[in-house]
Amino acid sequence: MTTQFKVTRQLLALALLGGHLLYAQTRTEKDLLGEKQIPNDAYYGVQTARALENFQVSGVPTKFYPDYVKAYAIVKLAAARANTDIGRMSKEKLAMIEKACQAVMDGKYHDQFLVDLYNGGAGTSANMNANEVLANIALELGGKKKGDYHTIEPHDDLNMGQSTNDVYPTAIHVALLLHNDKVVKEAKDLAAAFHKKGDEFSKLLKMGRTEGQDAVPMTLGQEFHAFGSQIDAAIEALVKSEAYLYEENMGATAIGTGITASPGYAEKCAQHLAKITGKPMTLSKDLIAATSSMQAFVMYSAALKNFAVTLSKISSDLIFLATGPRTGIFEINLPALQPGSSIMPGKVNPVMPELMNQICYKAIGNDMTVAVASRDGLLQLNAYEPVVAVAIMETQGLFYKSLPLFRKQCIEGITANEKVLQTYMERSVGIVTALNPVLGYDKTTELAKEALEKNKGILELIREKKLLTEQQIKDLLDPKKLTSPTGPTTIEKKQNLN
């Protein structure tokens, strides 16, 4: 036997062994398009495998949002229990499915939810990813082999009485509800941080501004409490908007007529969803309308946009109040987090409010995506639900990550420049408005005109002209009197005013 022949035999043996190993490491699954080899360690199946080939778009899979994965398990669990309640599913199968769903709800197997968030078919691939993974988890936990669909089948059992067209939107509703709780918590902590600063700055007088011009006095505390109150109101809108997400369409199946679902299933499913989520989930009164309409997403997204607009205005206000340090407003100091320039020594930028603004711009843009995609769905189904889900979940995720950063690395570390505030109060013409009840409108107008012409402060002129005593000036500058409806009217007019 020649050396060449021996080498050839060895290579052939290795090739055959490699083929055997490859065969041993895969299982064969099939669908209407034919057979496909699936890795034996994969819990997903043939339809997921096709989606992984067809939808390599964003690189962001379902597992990127844990609450979204958990939502599928919740919906499938509710559906299985409902089908068992009406006698369509056996208790043995339910027990297997319950174990699988609970495992996913506990955070296990999330790495198997791999379909790109952008996918065609109105979410069919995402739904089938969930069906296949849960079926194979149930099989394995039940002592069976993955792919042994004679026992638990992705379509017949995990999708029993269902369609992507009711599962997919309901799963998104549940995911958004789960994540909204987290966003609201962070938003409340942020509002509390502003209110805490409001208390800290409650006795620091400053000039309020309207249209960028000096207006009337206020306290820095009032300004920060106002920031907190604006966030409080935006949070209230977010919480109220949840009501639109409580309504779901499980049992609608393909278009809302309920084909393939059994009588009583839809009502039972709603009850189980409410029990599992702890939210007052309810079945839509018109399943055809609920399947074709995206109103719930539009309304909730609008609340997120409102929150974004609120945060963006506050962020811009903070940037303005911190401008300087030598040639700007410079009433407050933002925490110095990092050097602000590669060329200008000593420059420190307001990076956290800038970051917050960028997050808000993205959220506002995502809301427009939701609006357009919701508008363009045809007739009984909206094929663009995936991009709606992506847009809203991205906004939630960005807020959830950025709000605690904004609070800890910016708001909690803000300090006041008291000397700057005092200087502005002394020189501002705006304080003259507070003197109207004491000196009269004509006199205060003359004072304002003279102050501007001579580049002097109102209080400086009042002292020069001896219009008020030092005690009266001190009384006038009492923050409580100067910034409340009672005003300085308790100051008695000085006799013989010129």
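Which residues in H3 meet which residues in H6?

1. The contact of H3 with H6. On the side of H3, the residues that take part are Asp67, Tyr68, Lys70, Ala71, Tyr72, Ile74, Val75 and Lys76, and on the side of H6 they are Val167, Tyr168, Thr170, Ala171, Ile172, Val174, Ala175, Leu178, His179 and Lys182. Sorted by class, this contact of H3 with H6 holds twelve nonpolar, two polar and four charged residues. The structure under discussion is a predicted model, and the remarks that follow should be read with that in mind.

2. Geometry of H3 against H6. Two packed helices are described by the angle between their axes and the distance between the axes. For helix H3 (residues 66-85) and helix H6 (residues 164-200), the angle is about 125° and the axes lie 8 Å apart. Because an angle over 145 degrees would be needed for roughly antiparallel and 65 to 115 for roughly perpendicular, H3 and H6 are therefore described as oblique to each other. The crossing in which H3 passes H6 is right-handed.

3. H3 against H5. Helix H3 also packs against H5, where the axes come within 11 Å and cross at roughly 70°, so that H3 is roughly perpendicular to H5. The crossing of H3 and H5 is right-handed. In this contact, Tyr68, Tyr72, Ala73 and Lys76 in H3 meet Ala126, Asn127, Ala130, Asn131 and Leu134 in H5, and the classes represented are six nonpolar, two polar and one charged residues. A reader inspecting H3 may wish to note that Tyr68, Tyr72 and Lys76 are listed in the contact with H6 and again in the contact with H5.

4. H7 against H10. The axes of helix H7 (residues 220-246) and H10 come within 8 Å and cross at roughly 170°, and H7 and H10 are therefore roughly antiparallel to each other. By class, the contact of H7 with H10 has 19 nonpolar, four polar and three charged residues.

5. The cis peptide bond. Gly324 and Pro325 are joined by a cis peptide bond, with omega at about 10°. Pro325 belongs to the loop between helix H10 (295-321) and strand S7 (332-333), and Gly324 is found in that loop between H10 and S7 as well. With a relative accessible area of 44%, Gly324 is partly exposed. The C-alpha atoms of Gly324 and Val348 are 10.0 Å apart in space, while the two residues are 24 residues apart in sequence.

6. Positive phi values. Two residues other than glycine deserve a look in the backbone: Tyr109 has a positive phi of about 65°, and Thr253 has a positive phi near 55°. Tyr109 sits in the loop between helix H4 (91-105) and helix H5 (124-141), whereas Thr253 sits in the loop between strand S5 (247-248) and helix H8 (265-277). Thr253 counts as buried, because its relative accessibility is 1%.

7. Arg407 and Cys410. Arg407 is found in helix H12, and Cys410 is found in the loop between helix H12 (385-409) and strand S8 (415-416). Is Arg407 buried or exposed? With a relative accessible area of 13%, Arg407 is buried; leaving out residues up to four places away in sequence, Arg407 touches Glu186, Asp189, Leu190, Ala193 and Glu412. Cys410 likewise counts as buried, at 1% relative accessibility, and, once neighbours within four places in sequence are set aside, Cys410 is in contact with Leu334, Pro335, Met352, Pro353 and Leu405. Between the C-alpha atoms of Cys410 and Leu204, which are 206 residues apart along the chain, the separation is 20 Å.

8. Confidence. The mean pLDDT of the protein is 90, and 92% of its residues reach 70 or more. Two stretches call for caution: over residues 10-23 the pLDDT stays under 50, and the model has zero contacts beyond four places in sequence for them; over residues 494-498 the pLDDT also stays under 50, and the model has five contacts beyond four places in sequence for that stretch.

Terms used. Residues are numbered from 1 along each chain as its sequence is written. This is a predicted model: local features need pLDDT of at least 70, side-chain atom pairs count only at pLDDT 80 or more; totals for chains, interfaces and linings use all residues. Side-chain values use heavy atoms; hydrogens and water are left out. Axes are lines fitted to C-alpha atoms, for helices over the stretch in contact, and angles run from 0 to 180 degrees between N-to-C directions. Helices (H or I, at least four residues) and strands (E, at least two) are DSSP runs, numbered from the N terminus. Angles under 35 degrees count as roughly parallel, over 145 as roughly antiparallel, 65 to 115 as roughly perpendicular and the rest as oblique. A crossing is left-handed if the near helix is turned anticlockwise from the far one by less than a right angle, and right-handed if clockwise. Contact means heavy atoms within 4.5 Å. Ala, Val, Leu, Ile, Met, Phe, Trp, Tyr, Cys and Pro count as nonpolar, Asp, Glu, Lys and Arg as charged, and the others, Gly among them, as polar. Buried means under 20% relative accessible area, exposed over 50%, partly exposed in between (1.4 Å probe, protein chains only). pLDDT is the predictor's confidence in each residue, from 0 to 100.
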